[in-house]
Amino acid sequence: MKKNKSIDKETRLKNIENAVREILINIGEDVYREGLIETPKRVAKMYEEILSTKNVNDFENYKLFDVNLGESQEMVLVKEIPFFSMCEHHMLPFFGKVHVAYIPRDNKVIGLSKIPRLVEFISKKLSVQEEITVNIAKKLIEILNPLGVAVVVEARHMCIEMRGINKIGSVTRTSFYSGEFKENVGRKKEFLDGIK
Ligand SMILES: Nc1nc2c(ncn2[C@@H]2O[C@H](COP(=O)(O)OP(=O)(O)OP(=O)(O)O)[C@@H](O)[C@H]2O)c(=O)[nH]1
Ligand SMILES: [Zn+2]
């Protein structure tokens, strides 16, 4: 479901604020104690900041460039891009690193900074790790139509570490490969060696 555009931002923030106050009351807090007075307002503002809930299709602010890549179209790899997201099951953070590679087609490349921007754009909503992985790749395919895309996401999930099964420090790795990364073992190895 998309963000309800008929509700203005001020009302949305107020609604979140009231909901947070309800939570505080129901976990036995005194909402009038000094430390908590401003908390519902801060949390509402924080959700706007960390869960922008934009649609994946809204990522539009990028430029493509034609560069002379010579005879062979080699892999462009941007690795260890930090990201933060919130899991859609518990609304707890999961965070880690994303490694993104693509093989340009016809000398067409995207501005390097747009790859971390894309990662941030896609991860700033309630999600699951697999979906973030696929959505980063899909968007790059749509934008660049490259010869191949590889995306690996490594993350720690607070819903696994600070509650539930309590496996502190466990890391989840998810991957997506298309085109040459899928068909050519050498290309995949080059990528995996590159992110070691
Ligand atoms: N596949 C996937 N699962 C996730 C992700 N983040 C959290 N989960 C899992 O989502 C599942 C939700 O399962 P439920 O059984 O409905 O929830 P729960 O009772 O709180 O489960 P436990 O965490 O096992 O206590 C859990 O197994 C979580 O570990 C994610 O990014 N990807
Ligand atoms: Zn979770």
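Me: How many bridges join strand β3 to strand β6?
Reply: In this predicted model, strand β3 covers residues 93–103 and strand β6 covers residues 148–157. The two strands run antiparallel, and within this pairing Val98 stands opposite Val153 in β6, while Lys97 has Glu154 as its bridge partner in β6. The number of bridges that join β3 to β6 is 10.

Me: In which sense do β2 and β3 pair, parallel or antiparallel?
Reply: Strands of a sheet pair through backbone hydrogen bonds, and the pairing can be either parallel or antiparallel. Strand β2, which holds residues 76–87, is joined to β3 over nine bridges; among the facing residues, Leu77 stands opposite Ala101 in β3, and Ser85 has Phe94 as its bridge partner in β3. The sense in which β2 and β3 pair is antiparallel.

Me: Which residue in the turn of the hairpin formed by β2 and β3 has a positive phi?
Reply: The strands β2 and β3 form a hairpin, and five residues lie between them. In that turn one can look for a residue with a phi of about 55°, and the residue with this positive value is Met91.

Me: Which residue in β5 is the bridge partner of Met86?
Reply: Strand β2 also pairs with β5, and here the pairing is in the parallel sense, over two bridges. Within β5, the bridge partner of Met86 is Leu126.

Me: Which strands stand at the edges of the sheet?
Reply: The open sheet has five strands in the order β5-β2-β3-β6-β7, and its pairing is mixed. A strand at an edge has a single partner strand, so one side of that strand is left without a neighbour in the sheet. The strands that stand at the edges are β5 (126–127) and β7 (172–179).

Me: How are α1 and α2 oriented to each other?
Reply: Two packed helices are described by the angle between their axes and the distance between the axes. The axes of helix α1, residues 9–26, and helix α2, residues 39–50, come within 8 Å and cross at roughly 125°, and the crossing is right-handed. That angle makes the orientation of α1 to α2 oblique.

Me: What is the angle at which α3 and α4 pack?
Reply: Helix α3 spans residues 114–123, and its axis and that of α4 are 10 Å apart. The crossing of α3 and α4 is right-handed, and the two helices are oblique to each other. The angle at which α3 and α4 pack is about 135°.

Me: Which helices each supply at least two residues of the shell around ligand 1?
Reply: The residues that surround ligand 1 are Cys87, His89, Val128, Gln129, Glu130, His157, Cys159, Ile160, Gly164 and Ile165. This shell divides into five nonpolar residues, four polar ones and one charged one. The helices that each supply at least two residues of the shell are α4 (129–144) and α5 (158–161).

Me: How far apart do the C-alpha centres of domain 1 and domain 2 lie?
Reply: The domain assignment of the protein gives domain 1 as residues 9–50 and domain 2 as residues 58–194. The C-alpha atoms of the protein, taken along the principal axes, fill a box of roughly 70 × 40 × 25 Å. The distance between the C-alpha centres of domain 1 and domain 2 is 33 Å.

Conventions. Residues numbered from 1 in each chain as written. Chains lettered and ligands numbered in written order. Predicted model: local features only at pLDDT ≥ 70, side-chain atom pairs only at ≥ 80, totals over all residues. Near = placed C-beta within 6 Å. Helix = DSSP H or I, 4+ residues; strand = E, 2+ residues; numbered from the N terminus. Nonpolar A, V, L, I, M, F, W, Y, C, P; charged D, E, K, R; others polar. Domains from an automatic or database assignment. Pairing = 2+ DSSP bridges. Axes fitted to C-alpha atoms, helices over the stretch in contact; angles between N-to-C directions. Parallel < 35°, antiparallel > 145°, perpendicular 65-115°, else oblique. Left-handed = near helix turned anticlockwise from the far one by under 90°.
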